[in-house]
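Here is a friendly walk through one structure, in questions and answers. Please look at the sequence and the model first.

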Amino acid sequence: MTAPPRLTPAQIVALGPLAAVSPPLRRALSGSGFEPMPAPAENDWLACHPERGQKYADFIAEKPLVPEEARRTLALLPLGVPARPGIPRPGLLRDALEAFYALPARLLPRVALADVGMRTRINEHTGKVQLYTPHILTYLKRRLPPDVFALAAITGEDLYPDEAWNFVFGIASPRHRVGLFSFARYDPTFDDEPFGPGDETRILRRMIKVLLHEVGHMFGLAHCVYFLCLMNGSNHIEEADARPLHVCPICLRKLQHSIRFDVVSRYDALQRFYERAGLDDEAAWVAERLREIRD
Ligand SMILES: [Zn+2]
Ligand SMILES: [Zn+2]
């Protein structure tokens with residue numbers, strides 16, 4: 001079967017042949033409901049970091065790590081002081097991990113920053129403390145439980161990966177299956193703004209996006225250049241906000257190869273999660289995909 005004409009030649013090549021794919025998955029990969037990647041604006045990720053893209057065949061050739069039977073759990077580790085009211089709880093992020101990756105997810109006990117022992121600095125622009133991510137990643141590698149495929153840490157502290165960088169939202173060490181992300185800059189009080197109505201849902205959406213994006217890297221997914229996709233790189237908050245909470249057909253095919261989920265069951269679980277979390281746009285988008293994919 002050839003791919004439908006709504007896909008561009010580059011998207012068809014990146015998706016690869018679909019002859020051996022099950023009919024529901026093939027319908028999920030048709031491209032319906034997905035938007036093409038727009039040309040980058042001056043300050044956008046692809047204007048600053050030109051990337052060639054990772055086709056499905058490239059992904060397979062790279063022999064990505066897959067969650068084997070004895071190591072199928074995802075884990076979330078809260079780091080530092082608990083978030084104040086209005087910031088989504090780690091348990092909700094755990095639920096997002098479980099629904100999105102169709103794997104069991106576990107919330108680990110909170111760890112104090114002092115127990116990690118990382119270098120810190122004061123950011124010259126914000127005047128606020130930042131944590132040095134390489135030291136935290138080293139700690140997480142040591143803490144990876146034997147049954148855990150990927151470990152993501154979450155903190156309310158701002159992060160920097162290198163002296164030359166201003167900050168980073170999140171970072172992963174894919175080969176070691178660990179990563180971390182910060183919600184500091186999603187909290188309006190970081191910029192001394194008041195916490196307003198609608199902020200909680202917006203912050204939840206941003207936190208889930210960066211968490212799922214970093215865990216996507218742990219599955220070996222590189223940045224996506226083919227569609228508007230959760231796996232697009234992002235250089236600033238407006239670009240991150242414009243990125244959807246779903247993965248495109250090419251990234252979905254990569255994840256399905258590694259996790260072997262049933263595409264309908266996964267979307268079912270995601271729809272239930274989005275409804276419960278108040279992410280109405282995402283729930284409606286998934287419902288539309290299910291209508292198209294189901295027999
Ligand atoms: Zn990334
Ligand atoms: Zn993608």
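Q: In which loop is the place of Lys 63?
A: Lys 63 sits in the loop between helix 4 (56–61) and strand 1. Helices (H or I, at least four residues) and strands (E, at least two) are DSSP runs, numbered from the N terminus. Before going on, note that this is a predicted model, in which local features need pLDDT of at least 70 and side-chain atom pairs count only at pLDDT 80 or more, while totals for chains, interfaces and linings use all residues. Residues are numbered from 1 along each chain as its sequence is written, and chains are lettered from A and ligands numbered from 1 in the order in which they are written.

Q: Why does Lys 63 count as exposed?
A: A residue is exposed if 12 or fewer other C-beta atoms, placed from the backbone, lie within 10 Å of its own, buried if 20 or more do, and partly exposed in between. Lys 63 has 8 such neighbours inside 10 Å, so Lys 63 counts as exposed. Its phi is positive, about 50 degrees, although Lys 63 is not a glycine.

Q: What makes Ala 102 partly exposed?
A: Ala 102 has 19 other C-beta atoms within 10 Å, and therefore is partly exposed. Ala 102 lies in the loop between helix 5 and strand 2. Here too phi is positive, about 55 degrees, in a residue that is not a glycine.

Q: Why does Ala 99 count as buried?
A: Ala 99 has 24 C-beta neighbours inside 10 Å, so Ala 99 counts as buried. Its place is in helix 5. Not counting residues up to four places away in sequence, Ala 99 touches Ala 269, Leu 270 and Phe 273; contact is a C-beta distance within 7 Å, with these atoms placed from the backbone.

Q: What makes strand 1 and strand 5 partners?
A: Two strands pair if DSSP finds at least two bridges between them. Seven bridges join strand 1 to strand 5 (residues 148–155), and the two run parallel. One example is Leu 79, whose bridge partner in strand 5 is Thr 155. Strand 1 also pairs with strand 2 (residues 105–107), in the parallel sense and over three bridges. There, Leu 76 stands opposite Leu 107. From strand 1 the chain crosses through helix 5 (residues 90–101) to strand 2, in a right-handed β-α-β crossover; right-handed says that, with the strands pointing away from the viewer, the path from the first strand over the helix to the second runs clockwise.

Q: What is the order of the five strands in their open sheet?
A: The order is 2-1-5-8-7, with mixed pairing. Strand 2 and strand 7 (170–173) are the edge strands, since each pairs on one side only. From one strand to the next, the twist averages 15 degrees. Angles run from 0 to 180 degrees between N-to-C directions, and axes are lines fitted to C-alpha atoms, for helices over the stretch in contact.

Q: Which strands of the sheet does helix 8 touch?
A: Five bridges join strand 5 to strand 8 (residues 178–182), which run parallel. Helix 8 packs on the sheet and touches strand 1, strand 5, strand 7 and strand 8, its direction making about 160 degrees with that of strand 8.

How values were computed. Contact = placed C-beta atoms within 7 Å.
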